[in-house]
Amino acid sequence: MTLLAIKGLTLDIAGTPILKGIDLSVAKGEILGIIGESGSGKSMTALSVMQLLPDGAHVAGSIELDGKDLLQKSEREMCDIRGRDVGMVFQEPMTALNPLKTIGDQVAETVLTHTQTSRADAAKIARETLDRVGLGAERFPLDRYPHELSGGQRQRVVIAMAIALRPRLLIADEPTTALDVTTQAQILMLLKRLVDEDGMGMIFITHDLAVVAGLADRVAVMRHGEIVETGETAAVFRELKHPYTRALFAASSHVPKREPPQAPEAGTAPVLEAANITRDYRLPRKSLFRPPSFFRAVDDVSLTIERGENVGLVGESGSGKSTLARAIMALEPLQGGAVVLDGETLNAVAGASQKARRKMQVVFQDPYGSFNPRHRVDRLITEPFHLLGSEAPAGDERQRRIAEALETVGLSPEDAEKYPHEFSGGQRQRIAIARALIIKPALIILDEAVSALDVSIRAQILDLLADLSSRLKLSYLFISHDLHVVRSITDRVLVMKAGKIVESGRTGEVFENPQHAYTRELIAAAPSLEAALAARTAQA
Amino acid sequence: MTVEIAKSIAPEKPDSLWRAALHSRSFVIGASITAVFVLAALISFAWTPYNYAAQDIPNKLKGMSAAHWFGTDHFGRDVFSMIMVGARTSIAVALVAVGMGVVFGTPLGLAAAARRGTLLDEIIMRANDLVFAFPALLIAVLITAVFGPGAINAIIAIGIFNIPVFARLSRAAALSLWTRDFILAARVAGKGPVRISVEHILPNILNTLVVQVTIQFSLGILAEAALAYVGLGAQPPIPSWGKMLADAQTLISLAPHVAIIPGLAIVLTVLGLNLMGDGLRDIFDPRSRRSRQ
């Protein structure tokens with residue numbers, strides 16, 4: 001039975017067309033996955049259903065929930081529907097909860113807004129709902145505050161708020177994107193269980209094909225505000241009828257071509273030798289008379305990177321990956337250990353010498369925050385020239401180096417005149433790589449460098465990185481939570497947990513035959529397209 | 001000015017500051033109002049309709065006329081001339097006082113942000129708190145008690161009051177920038193805190209500072225008026241808008257224009273400066289500059 005039917009939905013915001021005739025339907029107890037890259041209009045489709053569109057939006061077409069057109073409803077009527085008939089779960093659990101209200105109050109609020117129940121009854125419903133999402137009364141009493149919970153637990157509270165009144169339709173917009181793989185697996189299981197128990201329909205929006213393959217009954221693939229393909233999940237992925245679906249599929253399981261890693265030549269020193277690194281953070285004093293305690297973010301970590309070798313570093317958020325990277329870059333004082341970079345010992349207390357810093361550069365995750373918005377590209381990418389002091393190229397030589405760096409990453413020399421906001425996310429990440437390359441370092445630290453990119457862009461950047469590594473004999477320290485990406489581009493991998501390296505070895509061996517329990521857990525939790533499709537085929 | 005015009009002619013730079021400025025309505029209006037008063041102050045050095053200090057008791061408290069555009073005050077002095085000369089005092093006091101605040105306050109704030117959490121940060125900010133605890137008027141009274149009243153002392157008093165304003169503002173704005181990735185990238189490029197503060201932090205807090213400058217500028221004019229009103233600012237016969245307002249208050253029912261005109265001058269200048277500040281904030285942002293075309 002059809003629960004939600006969207007017919008010919010068009011949307012424009014201030015004259016710019018966003019959605020161009022969307023037709024979708026969701027049946028009771030069915031999970032519809034909407035996949036697409038950023039800007040494809042998948043979130044706007046969800047917001048159209050909720051009628052939570054930005055100012056200046058014009059919608060046309062029809063969105064029927066149980067036969068009633070939501071587009072004809074007044075704002076007052078929509079207020080009744082939101083939260084009662086349609087629930088919504090957002091991407092960012094950190095900002096979706098009010099930090100000043102207890103979790104019990106926030107779940108009860110949904111109940112109190114829509115029904116004539118007493119506070120006591122609402123609290124009871126809140127309790128039951130929190131139990132259903134796996135936050136038991138013993139560890140999670142109603143008077144807990146959001147800041148006392150982890151990201152995954154907060155997302156459970158957000159889900160509890162959405163399902164407290166057993167809505168007929170649940171919309172989940174990238175609900176697991178901000179979470180670690182192990183937490184993601186748990187939340188996906190929870191959502192599936194809730195759909196089965198309540199028989200509600202769910203729209204699950206994501207950019208991750210593997211997640212959809214494992215979860216959704218049907219999928220719709222969106223691009224540029226249109227649905228390019230829709231159908232049964234297994235059929236869509238097996239047949240790959242539409243070229244765009246095929247391209248997405250290829251991009252998300254893309255493995256960049258790499259030359260097999262060569263054994264380090266005898267006598268060459270490793271690019272990076274870090275021994276027994278320890279980094280403590282001071283915690284706020286609990287008492288005036290006791291010394292402050294410390295939190296050990298990186299605990300006695302040693303690692304070596306050979307010339308031309310790509311090393312992956314995986315682990316969950318809070319495991320100390322980024323702290324380790326900052327320690328290697330000598331941006332923070334160490335409490336123990338030593339870092340030797342291409343023969344130069346870094347002095348973490350006084351900061352590394354300019355000469356040592358020339359050997360390494362970094363690329364960050366967020367392509368939007370990595371650049372000073374007030375500088376042009378030429379000034380941005382030549383920033384590392386500061387390390388060369390008086391030897392820094394000037395005049396024509398500087399122009400030549402800028403053009404060379406931009407061309408190496410696939411941009412044109414004319415782009416040097418532009419500001420960063422004139423580029424897309426993928427292009428900005430290329431600029432970030434150009435900035436890292438311009439002084440020809442031996443080691444580049446890539447801190448989640450492809451995590452914020454769409455799959456097709458990610459595939460291009462991975463190709464670029466693999467090509468640069470073999471051409472320029474570069475070494476990478478590749479930090480990521482995405483196991484698939486790490487597997488495709490690294491020679492060796494280190495698994496980090498709670499500040500310690502729990503396992504390390506050749507990438508293939510670690511993934512094929514993980515030794516440590518935590519590595520096994522990580523690999524099992526990571527969504528895999530092949531595994532999900534194989535499971536579906538086995539069922540059918 | 002010539003540089004800016006040259007930029008607007010150069011075809012390869014369609015996003016010049018000057019072009020952007022002309023597109024911003026609030027900047028154009030605000031700058032025009034401000035320009036009128038600055039011009040009046042400049043012209044007053046060379047020419048005023050009458051000698052601003054010349055008394056003409058028989059013609060006192062005359063209304064507006066062709067001979068006296070803004071009428072005359074209780075000593076028969078020409079109000080138009082006094083407004084022109086008064087603009088000198090008001091603008092000079094506000095300009096120098098705000099300049100003091102920016103020149104001393106901003107580096108202090110940037111230094112505190114660069115060394116956040118250390119003893120230096122603590123010393124700078126607590127010293128600022130201490131200065132902040134004294135209102136400008138009280139500082140002025142203290143300075144006057146020691147050095148005697150006058151425009152210079154008013155400037156110093158208002159200027160001292162401005163330092164913690166800019167120190168706090170730049171520290172707060174800089175703190176959020178220090179956690180950004182591009183600052184980390186600059187540190188990886190081996191740049192020290194001073195260089196990062198000047199190259200990366202300062203340009204990015206500039207729009208915040210510009211807005212605060214215009215606010216402090218208008219507050220400076222008001223503070224000068226207030227100090228002159230209680231007799232701690234410019235001393236007679238040198239006119240200032242605040243002093244004119246103070247002298248006129250007992251005559252407000254007899255000759256309202258003597259009070260209204262300096263009052264209007266203050267209001268219009270402040271309005272002009274605030275509008276200009278709003279416009280400048282948009283203009284200094286390269287993102288809004290490109291998208292405007």
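Reply:

**The core and its surroundings**

In this predicted model, the largest nonpolar core has 232 residues, and those with the most contacts inside it are A:F204, A:L443, A:I445 and A:L477. The element that gives the most to this core is helix α4 of chain B, residues 79–114, with 20 residues.

Strand β3 of chain A covers residues 31–35 and pairs in the parallel sense with strand β9 of chain A, residues 218–223, over four bridges. Within that pairing, A:I35 has A:V221 in β9(A) as its bridge partner. The sheet is open and has six strands, in the order β6-β7-β8-β3-β9-β10 (chain A), and its pairing is mixed. Its edge strands, each pairing on one side only, are β6 (86–89) and β10 (226–232) of chain A. On average, neighbouring strands of the sheet are turned by 15° against each other, direction ignored. Helix α5 of chain A, residues 151–163, packs on this sheet and touches β6 and β7 (169–173) of chain A; the direction of the helix makes about 170° with that of β6(A).

Next, the contact between the chains. It takes 22 residues from chain A and 17 residues from chain B. On the side of chain A that touches chain B, α11 (354–357) and β16 (360–363) of chain A each supply at least two residues. The residues of that side divide into nine nonpolar, seven polar and six charged.

Confidence should be read alongside this picture. The model scores ipTM 0.74 and pTM 0.78. Chain B averages a pLDDT of 81, and 91% of its residues score at least 70. In chain B, confidence is highest in helix α5 of chain B (residues 119–132), at a mean of 91, and lowest in helix α1 of chain B (residues 2–9), at 39. Over residues 1–14 of chain B, pLDDT stays under 50, and the model has 11 contacts beyond four places in sequence for this stretch.

Conventions: Residues numbered from 1 in each chain as written. Chains lettered and ligands numbered in written order. Predicted model: local features only at pLDDT ≥ 70, side-chain atom pairs only at ≥ 80, totals over all residues. pLDDT = per-residue confidence, 0-100. Contact = placed C-beta atoms within 7 Å. Pairing = 2+ DSSP bridges. Axes fitted to C-alpha atoms, helices over the stretch in contact; angles between N-to-C directions. Nonpolar A, V, L, I, M, F, W, Y, C, P; charged D, E, K, R; others polar. Core = buried A, V, L, I, M, F, W, Y, C linked by C-beta atoms within 7 Å. Buried ≥ 20, exposed ≤ 12 C-beta atoms within 10 Å, placed from the backbone.
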